[in-house]
Amino acid sequence: MSKTRYKNQKGSNEAIAKAYIENDYTNSQNKLLLVSKANYGKRSSNVCYSAVDDKGMNFYEFNNNAEQNLMLIERYEWADFSSVTIDHSIAKSVFTFVGHGENRDITIEVKGKEVEQVIRNHSSMEVNVVKRPVWTKVLGYRSQTTWKMFMASTVYTLILLFILHPLLPAATHNFIMGLALLILFLSIIGLFVGLIKPKWVLPKFKIKTRKRVLFSYLYLIISCFFIAVAFTDGESTSTPASTQVSSSQNSVTVSSKKDGADSSKQKVEKNDSDKTAKEEKRQKAEEQAVKEEAKQKAQEQAAKEEAKRKAEEQAAKEEAKQKAEEQAAKEEAKQKAQEQAAKEEAERKAQEQAAKEEAEQKAEEQAAKEEAERKAQEQAAKEEAERKAEEQAAKQEAERKAQQQAASQQSTPSSSTSNSGNYKPFENDPSDDQQSNMSCSGQIKGNKNSKIYHVPGGAYYDRTQDNIVWFCSEADAQAAGYRESQR
């Protein structure tokens, strides 16, 4: 995620944050629906903003003095929560999300009901709205803390007093002041009585404690005191006017009683005074006109400066927006270039890996082929050696039999000559095919001359006829010094 720095923009922090968040959502698959200030339950000296989209909520932390003004610190997905409890007040809304893990408390300023509507439209969460009386949603009464309600009631009373004071007629000021003083006196008495017996002065309250008496009657005392002071000022301002009227009436009466001798002198003085009054009046009118003209010029100048300031702010906003768009376009182009380079690099590596694997596979196949050929040659050589050894043994056996037959033939004439009267026909020597260990006959067959044993089903098992040694197992044959035939 890119983190754009907006140091040179003249717009407000909220405008900077909104521009950044809109830029952050440019390449996102989620649809940005609204942006608002928020508090996600962690202590931080920086301002946090929430960006609500159709699948969840992002939280950003704003720090105007940091290298990166706005940073994504956490995200909540609607799918991770099963239900939400919403407590709306006038200035903010508290959302308590309940999920598989720990619960999350989030405070949204001003736009709480809009966030509630988003949750209802774009998630399957169960939405529970806390129902409170209207007065408990007012600032100072929401927590139901006694001292906070006392302070809030006092402040609201003073505000109401300043609003009503200029609206009420002056004739009612004395009555209101007297009523306030009476209630103030009764409240002081009620406070002292209530601290002794709270139930005597709290007939309408369910909880009748000295703490409730103290806060309730102290509020009445302070409120009545401020009312009396405010309407006393109104009475004091009206008193000089009546005094002035009465004094003017007395002066007229006295002047009417003066004798005729002084009438001419008084007329001259009166004319002079009238001229002086007119001159003063004219001078005051001129001064008033000058003041009004100066005031008008100041207003016009202020209006021009305000218009100029608004034009500069608008230009700054448009410039900031243009810079944000340009920055977003640059980052998008850079990101695409990086993705393309990464894609080409991945393809090149994949080709190199495939070539390497193919070369390794061919090398393994060649090695396997060579190993198979070597083993086949070794097997053939071994079999050839066994065959030659068996042929040599058979040849030796044949030579031995031939020698025995020749010897028997040589002995036959002599015996026939010496024993002509007892002649017997020729008989083969049974030593040629003698067998030993007949208890294991039919199992492992060994050749006594070649020291090779054959297993049933072998190529030379049935061909071996002479000098047979029977073994019950291959282990017995190997223990006797015989080796296994290769066929």
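**Salt bridges, cores and backbone of a predicted model**

Trainee: Which residue forms a salt bridge with Glu-74, and how far apart are the closest N and O atoms?
Mentor: In this predicted model, Glu-74 forms a salt bridge with Arg-104. The closest N and O atoms of the two are separated by 2.7 Å.

Trainee: How many residues apart are Glu-74 and Arg-104?
Mentor: The pair links distant parts of the chain, with Glu-74 in strand β4 and Arg-104 in strand β7.

Trainee: Is Glu-74 buried or exposed, and what is the relative accessible area of Arg-104?
Mentor: Glu-74 has a relative accessibility of 16%, so it counts as buried. Arg-104 is partly exposed, and its relative accessible area is 23%.

Trainee: Which residue forms a salt bridge with Arg-75?
Mentor: The closest N and O atoms of this pair are 3.0 Å apart. Arg-75 lies in strand β4 (residues 70-77), and its partner lies 22 residues away in strand β2 (residues 47-53). That partner is Asp-53.

Trainee: Which class of accessibility does Asp-53 belong to?
Mentor: Arg-75 is partly exposed, with a relative accessible area of 26%. Asp-53 has a relative accessible area of 0%. Because the limit for this class is under 20%, Asp-53 is buried.

Trainee: Why are Glu-358 and Lys-362 separated by about one helical turn, and which helix holds them?
Mentor: Their side chains meet in a salt bridge, at 3.7 Å from N to O. Glu-358 is partly exposed at 44% relative accessible area, whereas Lys-362 counts as exposed at 52% relative accessibility. The separation is about one helical turn because the two residues are four residues apart in helix α7 (residues 263-418).

Trainee: Which residues are linked in a network of salt bridges, and to what number does the count of salt bridges come?
Mentor: The network links Glu-345, Arg-348, Lys-349 and Glu-352. The count of salt bridges comes to 20.

Trainee: Which residues have the most contacts inside the largest nonpolar core?
Mentor: The largest nonpolar core has 19 residues. Elements giving two or more residues to this core are the strands β1 (32-39), β3 (56-62), β5 (81-88), β6 (92-99) and β7 (104-109), together with helix α2 (112-122). The residues with the most contacts inside the core are Phe-95, Phe-97 and Ile-119.

Trainee: How many residues are in the second, separate core?
Mentor: Among its members are Tyr-20, Tyr-25, Phe-62 and Leu-70. The number of residues in this second core is 11.

Trainee: Which side chain has a polar atom 2.5 Å from the backbone oxygen of Ile-119?
Mentor: Leaving out residues up to four places away in sequence, Ile-119 touches Trp-78, Val-84, Phe-95, Phe-97, Met-125 and Val-127. The side chain is that of Ser-123.

Trainee: How far apart in space are Ser-82 and Gly-99, C-alpha to C-alpha?
Mentor: Ser-82 is in strand β5 and counts as partly exposed at 45% relative accessibility. Apart from neighbours within four places in sequence, Ser-82 is in contact with Val-98, Gly-99, Met-125 and Glu-126. Ser-82 and Gly-99 are 17 residues apart in sequence, but their C-alpha to C-alpha distance is 5.2 Å.

Trainee: Which helix gives the most to the nonpolar patch?
Mentor: The patch on the surface is formed by Phe-175, Leu-179, Leu-182, Ile-183, Phe-185, Leu-186, Ile-189, Val-193 and Trp-200, with about 910 Å² of accessible area together. Leu-182, one of these residues, counts as partly exposed at 46% relative accessibility. Eight residues of the patch come from residues 173-196, which is helix α4.

Trainee: Where does Val-110 lie?
Mentor: Most residues other than glycine have a negative phi. Val-110 is not a glycine, yet it has a positive phi of about 70°. Val-110 is exposed, with a relative accessible area of 73%, and lies in the loop between β7 and α2.

Trainee: What value is phi of Lys-451 near?
Mentor: Lys-451 is placed in the loop between β10 (444-447) and β11 (452-454). Lys-451 counts as partly exposed at 39% relative accessibility. The phi of Lys-451 is positive, near 60°.

Key
Residues numbered from 1 in each chain as written. Predicted model: local features only at pLDDT ≥ 70, side-chain atom pairs only at ≥ 80, totals over all residues. Heavy atoms only, no water. Core = buried A, V, L, I, M, F, W, Y, C linked by side-chain atoms within 4.5 Å. Buried < 20%, exposed > 50% of the residue type's maximum accessible area, 1.4 Å probe, protein only. Contact = heavy atoms within 4.5 Å. Patch = residues over 30% accessible without salt bridge, like charges linked within 9 Å, V, L, I, M, F, W, Y side chains within 5 Å. Areas by Shrake-Rupley, 256 points an atom, 1.4 Å probe, with all protein chains shown as cover. Salt bridge = Lys/Arg side-chain N within 4 Å of Asp/Glu carboxyl O. Polar contact = N/O pair within 3.5 Å; in protein donor to acceptor, adjacent residues only side chain to side chain.
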